[in-house]
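Subject: Structure for your review

Dear colleague,

Please find below the structure I am handing over to you. My notes on what was found in it follow directly after.

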Amino acid sequence: MSPTLPAEISTAGESAVRVTGRTGDRERDWRLVHQLARRFTRAEVPGFTVAIPTYESVLLEFDAALTGHEEIIALIAETVPALDLDAPLHEDPRHFRVPVLYGGEGGPDLERVAEITGLSAEEVIAAHCAPTYTVRCLGAPGGSPMLDGPALPVAIPRLASPRTHVPQGAVSLAGRQATITPAAAPGGWCVIGRTPLTVLDLDAEPLVPYRPGDTLRFEPASAREVERLAGGRLTPEEAR
Amino acid sequence: MTGRLTIHEASLAMVTDLGRTRGPQFGLPLNGALDQYSARAANILVGNAEGDPLIELTLFDLAFTPDRDVLIAATGAEMTLEVDGAPLPQWEPVPVRAGQRVELRGMSAGMRCYVAVHGSVEVPHLLGSCAPDTVVGFGHALSADEHLELAGTTPSPMSPYLGISLFNLGICPPCLDGTAVVDVVDGPEIEEFGGTAHRLFRRPFEVSPRSNHIGLRLGGPEVPVRTSTEEKISRGVPVGAVEVPPGDELLILHRGRGVTAGYPVLGVVTSTSLDTLGQVRPGQSVVFRHVDATQARSDVRAWRKALDALRNRVTTAFSSLGFDDGVTPNQRG
């Protein structure tokens with residue numbers, strides 16, 4: 001491995017390698033891992049099976065009967081220097097607006113987040129609605145849009161004891177991250193609200209409408225708006 | 001050539017395959033057969049591609065009747081296999097005539113039995129795989145009185161010489177009884193467990209009933225302790241990741257695991273030992289054994305060689321009976 005490679009490579013069992021971006025810039029780290037994942041997926045590398053790119057790292061899994069750490073790491077070392085870390089993930093990023101009913105039954109941890117941060121619930125909502133988020137990756141469960149968290153004074157700890165059921169549409173925070181839950185699952189993140197829009201559609205291709213590199217914003221919605229929007233699908237805004 | 005299986009009895013039986021490799025990049029878990037060796041072997045024994053859909057039954061009995069002649073094979077957990085009341089061996093191709101009743105009963109060791117049918121079965125796919133995904137609600141549990149369409153387009157190689165152990169197919173079924181031995185290589189965050197990581201290898205652990213295809217929980221007298229408390233940013237976690245969530249148990253992620261998570265990974269169970277974990281029962285004792293990646297890799301290659309050798313012997317057996325058609329050439333699926 002070249003000592004100048006802007007990435008750290010570690011093994012994760014005999015069938016996987018993790019590559020973490022070390023460019024000194026988060027955006028470039030993120031583009032590095034997604035571009036690397038794309039290269040591996042498109043090149044049909046023998047024995048390579050799955051790439052899971054996230055914020056600053058990518059897990060590359062392979063069939064150890066067909067290839068091994070040495071071969072995969074050599075290919076990473078050869079591929080990384082050829083990546084253009086300033087190129088956007090998509091030429092045509094799409095934008096989504098996500099209406100959210102904050103607090104109450106659908107947002108049981110809003111007050112908790114307010115307490116942890118020393119803000120009022122309104123200030124937490126305002127902070128959550130302020131940024132235009134970039135979808136960093138698709139995660140668990142069911143293709144969640146994994147986002148950078150809003151600007152809050154402290155990182156939000158995960159719940160000590162995860163909930164056994166977080167419903168579809170839950171809008172949540174943990175650490176310096178934020179997301180929407182497309183499918184009901186157990187979860188330890190702080191749920192601050194709920195969107196009435198359906199995110200995951202098993203009959204659609206792709207299953208979720210956003211890709212890493214697309215952007216989205218949250219907007220407060222009233223109970224009446226939520227009722228009106230219930231069952232609708234999250235769709236991108238018309239290109240302007 | 002159409003046909004179908006009429007299911008008489010089923011509970012916790014699903015149609016699955018080797019997993020959804022296109023899933024993880026979209027945030028969906030891999031899923032698929034938890035004992036990949038047994039699933040692959042079942043398909044090979046009936047001349048299918050290793051990745052063809054097949055039935056995975058967990059713990060409970062299964063009974064069905066095909067409406068045309070079909071070759072089947074049952075592997076994995078130990079059960080009694082009967083065709084119209086006559087006992088037949090597992091880990092062998094078994095010919096079933098149209099209208100005969102197939103019963104798999106009394107699982108006595110292991111957790112999951114695989115039943116492959118020559119030509120496979122017709123089921124919906126999501127991102128190229130029929131493997132159930134309980135989180136997004138994809139997949140279909142078999143139930144009594146339903147029909148499962150057969151997908152095969154060629155007649156099954158039927159011969160009275162199959163199913164009587166005439167051919168030594170030389171397969172080595174996994175050992176399912178007693179203490180399970182599970183190999184683990186060091187994980188990327190082993191240092192976050194300070195000096196406690198070695199506790200994993202010191203004493204046996206016991207499989208908790210709160211274990212499933214997403215993850216297995218195991219308790220023991222001395223569980224490693226996570227010494228770091230920092231919040232980790234979500235990243236891809238490998239199947240087989242050994243984690244220590246809050247509480248007194250280990251969590252080992254299996255094929256249904258969420259693809260991203262924020263817990264440090266102490267170790268990673270080897271691919272071949274993941275099959276072992278796919279067969280352990282609640283209450284069963286597990287001993288973890290520390291291995292290096294080189295050892296793990298040579299184990300996977302031995303596993304691969306055994307399956308390839310089985311494929312060759314099955315092909316030879318079928319052609320010696322005059323069936324050159326209907327056998328899928330060496331495809332690993």
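Chain A and chain B bury about 3400 Å² between them, and carbon and sulfur atoms account for 60% of that area. On the side of chain A, Glu14(A), Arg18(A) and Arg158(A) supply 18% of the area buried against chain B, more than any other three residues. Please bear in mind that this is a predicted model.

In terms of contacts, 49 residues of chain A meet 42 residues of chain B. The interface between the two chains holds 5 salt bridges. In one salt bridge, the side chain of Arg297(B) is paired with that of Glu70(A), at 2.8 Å from N to O. Between chain A and chain B there are also 12 residue pairs in polar contact, both residues being at pLDDT 80 or more. Several elements of chain A each provide at least two residues of the side that touches chain B, among them strand E1 (7-11), strand E4 (57-62), helix H2 (69-79) and strand E7 (137-139). Strand E3 of chain A gives the most to this side, with 4 residues. Sorted by class, the side of chain A that touches chain B comprises 23 nonpolar, 16 polar and 10 charged residues.

Within chain A, the domain assignment gives domain 1 (7-82) and domain 2 (95-229). The centres of these two domains of chain A, taken over C-alpha atoms, are 29 Å apart. Contact between them involves 7 residues of domain 1 and 11 residues of domain 2. Together the two domains of chain A bury about 650 Å², of which 53% is on carbon and sulfur atoms. In domain 1 of chain A, the residues that lose the most area to domain 2 are Trp30(A), His34(A) and Tyr55(A), which together make up 71% of what that side buries.

The two domains of chain A are joined by 2 salt bridges. The side chains of Arg26(A) and Asp148(A) form a salt bridge at 3.1 Å, N to O. Helix H1 (residues 26-43) of chain A contributes 4 residues to the side of domain 1 that touches domain 2, the most of any element.

As for chain B, its secondary structure consists of 3 helices and 18 strands. Its radius of gyration is 20 Å, close to the 20 Å that the globule rule gives for 333 residues, so chain B is as compact as a globular protein of that length. The C-alpha trace of chain B spans about 60 × 40 × 35 Å along its principal axes.

Yours sincerely

Key:
Residues are numbered from 1 along each chain as its sequence is written. Chains are lettered from A and ligands numbered from 1 in the order in which they are written. This is a predicted model: local features need pLDDT of at least 70, side-chain atom pairs count only at pLDDT 80 or more; totals for chains, interfaces and linings use all residues. Side-chain values use heavy atoms; hydrogens and water are left out. Domain bounds come from an automatic or database domain assignment. Contact means heavy atoms within 4.5 Å. Buried area is the accessible area (1.4 Å probe) that two parts lose on being put together, summed over both. A salt bridge is a side-chain nitrogen of Lys or Arg within 4 Å of a carboxyl oxygen of Asp or Glu. The radius of gyration is taken over C-alpha atoms; the globule rule is 2.2 Å times the number of residues to the power 0.38. A polar contact is a pair of N or O atoms within 3.5 Å; within protein, one must be able to donate a hydrogen and the other to accept it, and residues adjacent in sequence count only if both atoms are side-chain atoms. Ala, Val, Leu, Ile, Met, Phe, Trp, Tyr, Cys and Pro count as nonpolar, Asp, Glu, Lys and Arg as charged, and the others, Gly among them, as polar.
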